[in-house]
Amino acid sequence: MSATPNGATAQPFASHSIRLRLNGQDRQLDVLPWTTLLDLLREHLDLIGSKKGCDHGQCGACTVLRDGKRINACLTLAVMCDGAELTTIEGLASGDALHPMQQAFITRDAFQCGYCTPGQICSAVGLMNEGRACDSAQIQELMSGNLCRCGAYSNIRDAIEDVVLGGEQ
């Protein structure tokens with residue numbers, strides 16, 4: 001410990017213990033208060049599927065599911081997830097069986113460079129959980145928070161339609 005300018009003793013930052021269910025497994029973790037969920041996943045837990053794109057919540061590359069709803073992991077502090085159920089792209093498949101949304105992205109060739117794909121898929125699963133998308137225009141609007149710099153939007157929308165709306169449109 002060191003002295004502050006007014007002579008008081010400075011205390012080091014304390015980590016916080018959080019419990020969460022991550023990709024189906026219960027975890028207890030100690031995190032510093034400023035650690036984002038994205039940094040916890042990528043740098044501390046080696047779950048590198050979620051990508052750091054803009055780091056400002058504007059691109060959606062870091063989208064994961066918290067309690068089934070889509071969130072930007074770059075804007076979420078890890079301590080805010082205490083008690084939550086989190087699903088990342090790594091937790092969507094069941095063993096060797098891909099999640100239907102993952103398979104639809106492959107079938108529809110809904111990616112080019114692949115950088116945004118994990119966030120796109122997690123967002124699409126969250127959209128599916130919300131149950132609000134009834135047509136192509138709504139899917140397009142509800143996915144507008146996820147950017148694809150390669151421009152694979154039509155294939156992404158088609159893949160989501162296959163799963164959410166039931167079959168090829």
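This is a predicted model: local features need pLDDT of at least 70, side-chain atom pairs count only at pLDDT 80 or more; totals for chains, interfaces and linings use all residues.
The protein divides into domain 1, spanning residues 16-91, and domain 2, spanning residues 100-165. Between the C-alpha centres of the two domains the distance is 21 Å. To the contact, domain 1 contributes 16 residues and domain 2 contributes 18 residues. About 1,300 Å² of area is buried between domain 1 and domain 2, and carbon and sulfur atoms account for 54% of this area.

Polar and charged groups also take part in the interface. Eight residue pairs are in polar contact between domain 1 and domain 2. One salt bridge is found across the interface of the two domains. R70 and E130 form a salt bridge, and their closest N and O atoms are 2.9 Å apart. On the side of domain 1 that touches domain 2, strand β5 (residues 63-66) gives the most, with three residues. By residue type, this side of domain 1 comprises five nonpolar, eight polar and three charged residues.

A further feature worth a look in the structure is its one aromatic pair. The partners are F13 and W34, arranged edge-to-face, with ring centres 4.9 Å apart and planes at 85 degrees to each other. F13 sits in the loop between β2 (9-10) and β3 (16-22), whereas W34 sits in the loop between β4 (25-31) and α1 (37-44); the pair therefore ties together parts that are 21 residues apart in sequence.

Definitions and conventions
Residues are numbered from 1 along each chain as its sequence is written. Side-chain values use heavy atoms; hydrogens and water are left out. Domain bounds come from an automatic or database domain assignment. Contact means heavy atoms within 4.5 Å. Buried area is the accessible area (1.4 Å probe) that two parts lose on being put together, summed over both. A salt bridge is a side-chain nitrogen of Lys or Arg within 4 Å of a carboxyl oxygen of Asp or Glu. A polar contact is a pair of N or O atoms within 3.5 Å; within protein, one must be able to donate a hydrogen and the other to accept it, and residues adjacent in sequence count only if both atoms are side-chain atoms. Helices (H or I, at least four residues) and strands (E, at least two) are DSSP runs, numbered from the N terminus. Ala, Val, Leu, Ile, Met, Phe, Trp, Tyr, Cys and Pro count as nonpolar, Asp, Glu, Lys and Arg as charged, and the others, Gly among them, as polar. Rings of Phe, Tyr and Trp (its six-membered ring) pair if their centres lie within 6.5 Å; planes under 30 degrees apart count as stacked, over 60 as edge-to-face and the rest as tilted.
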